[in-house]
Amino acid sequence: MSNRTISMSDRLYDYLLQVSLHEPPILKRLREETARHPQARMQISPEQGQFMRMLVQMMDAKRCIEVGVFTGYSSLSVAMALPDEGRIIACDVSEEFTAVARRYWQEAGVDRKIDLRLAPAVGTLDKMLNHGEQGRYDFAFIDADKGNYLNYYERILKLLRAGGLMAVDNVLWSGSVIDKRDKSEDTVAIREFNAALHKDKRIDLSLVPIGDGLTLARKRF
Ligand code: CA
């Protein structure tokens, strides 16, 4: 028994997967294809994908935003949980990575739900705001360049409806957030991001220690 979050050994993690993971075969195949990729660590874990599918279902989300598509595991996960009329605005800058994503979206029959915007995401989000889309989104997932996390966060907070949810990946950054000697740009950016959200009265906050740390920020009003 414990009154803090349990630490996860490899064996316990295997057990967690064994008794809880229901990964659709197409997601498993995409995960295996991506694992051969040199930047494979950018992919979210399968239990995190399943957790995000559950969030989307619980919220009855229809309009979603993703910043950072990579090879599409998270967008495919979320799209499969969305109703027919559900939509994801998916932002990324890599033609190469998203080509893999598009192939799987198509095969899963969810490509019509995903609107890929190949451009720097700050610009894409600004355009959405300029088109009056404030308050119109239910769910967003941020998993991209860490130096821009606060820029994405501020814009998406405007785009979410009251009660809308933002999930932000890698907020524990393999534990390096507590390594005082680590002054790399990404680590510093994540620390600043975490500290800023902790003070932010516009949201309800929870940092979930799943994957590499997933922050949930629910827009209050
Ligand atoms: Ca990530």
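A residue counts as buried when its relative accessible area is under 20%, as exposed when that area is over 50%, and as partly exposed in between. Leu157 has a relative accessibility of 5%, so it counts as buried. The model is predicted.

**Helices α7 and α8**

- Helix α7 spans residues 149–159 and helix α8 spans residues 185–199.
- The two helices pack at an angle of about 30 degrees, and their axes are 9 Å apart.
- Angles under 35 degrees count as roughly parallel, so α7 is roughly parallel to α8.
- On the α7 side the contact involves Tyr149, Leu150 and Tyr153, and on the α8 side it involves Phe193, Ala196 and Leu197.
- Six residues of this contact are nonpolar, none is polar and none is charged.

**Leu157, in α7**

- Leu157 also belongs to helix α7.
- Apart from neighbours within four places in sequence, Leu157 is in contact with Met166, Asp200, Arg202, Ile203 and Lys219.
- Leu157 and Asp60 are 97 residues apart along the chain, and their C-alpha atoms are separated by 19 Å.

**The calcium site**

- The protein donors of the calcium ion come from Asp143, which is listed with two OD entries, from Asp169 (OD) and from Asn170 (OD1).
- These donors lie 2.3 to 2.7 Å from the ion.
- Along the chain, the donors follow the spacing D-x25-D-N.
- Asp169 has a relative accessible area of 4%, so it is buried.
- Asn170 is buried as well, because its relative accessible area is 11%.

**Two residues with positive phi**

- Asp60 is not a glycine, although its phi is positive, at about 55 degrees.
- Asp60 sits in the loop between α3 and β1 (63–67), and its relative accessibility of 51% means that it counts as exposed.
- Trp173, also a residue other than glycine, has a positive phi near 45 degrees.
- The loop that holds Trp173 runs between β5 (160–169) and α8.
- With a relative accessible area of 15%, Trp173 is buried.

**His37**

- His37 lies in the loop between α2 (25–35) and α3 (46–59).
- His37 counts as buried because its relative accessibility is 18%.
- The side chain of His37 reaches the backbone nitrogen of Gln39 at 3.0 Å.
- Not counting residues up to four places away in sequence, His37 touches Phe70, Glu96 and Phe97.

**Gly86**

- Gly86 is placed in the loop between α4 (73–81) and β2 (87–92).
- Its relative accessible area is 0%, so Gly86 is buried.
- Leaving aside neighbours within four places in sequence, Gly86 is in contact with Lys62 and Lys113.
- The C-alpha atoms of Gly86 and Ile114 are separated by 8.7 Å, and the two residues are 28 residues apart along the chain.

Methods. Residues are numbered from 1 along each chain as its sequence is written. This is a predicted model: local features need pLDDT of at least 70, side-chain atom pairs count only at pLDDT 80 or more; totals for chains, interfaces and linings use all residues. Side-chain values use heavy atoms; hydrogens and water are left out. Axes are lines fitted to C-alpha atoms, for helices over the stretch in contact, and angles run from 0 to 180 degrees between N-to-C directions. Helices (H or I, at least four residues) and strands (E, at least two) are DSSP runs, numbered from the N terminus. Angles under 35 degrees count as roughly parallel, over 145 as roughly antiparallel, 65 to 115 as roughly perpendicular and the rest as oblique. Contact means heavy atoms within 4.5 Å. Ala, Val, Leu, Ile, Met, Phe, Trp, Tyr, Cys and Pro count as nonpolar, Asp, Glu, Lys and Arg as charged, and the others, Gly among them, as polar. Buried means under 20% relative accessible area, exposed over 50%, partly exposed in between (1.4 Å probe, protein chains only). A polar contact is a pair of N or O atoms within 3.5 Å; within protein, one must be able to donate a hydrogen and the other to accept it, and residues adjacent in sequence count only if both atoms are side-chain atoms. Donors are N, O and S atoms within 2.8 Å of the metal (3.2 Å for Na, K and Ca); water is not among the atoms, so sites may look incomplete.
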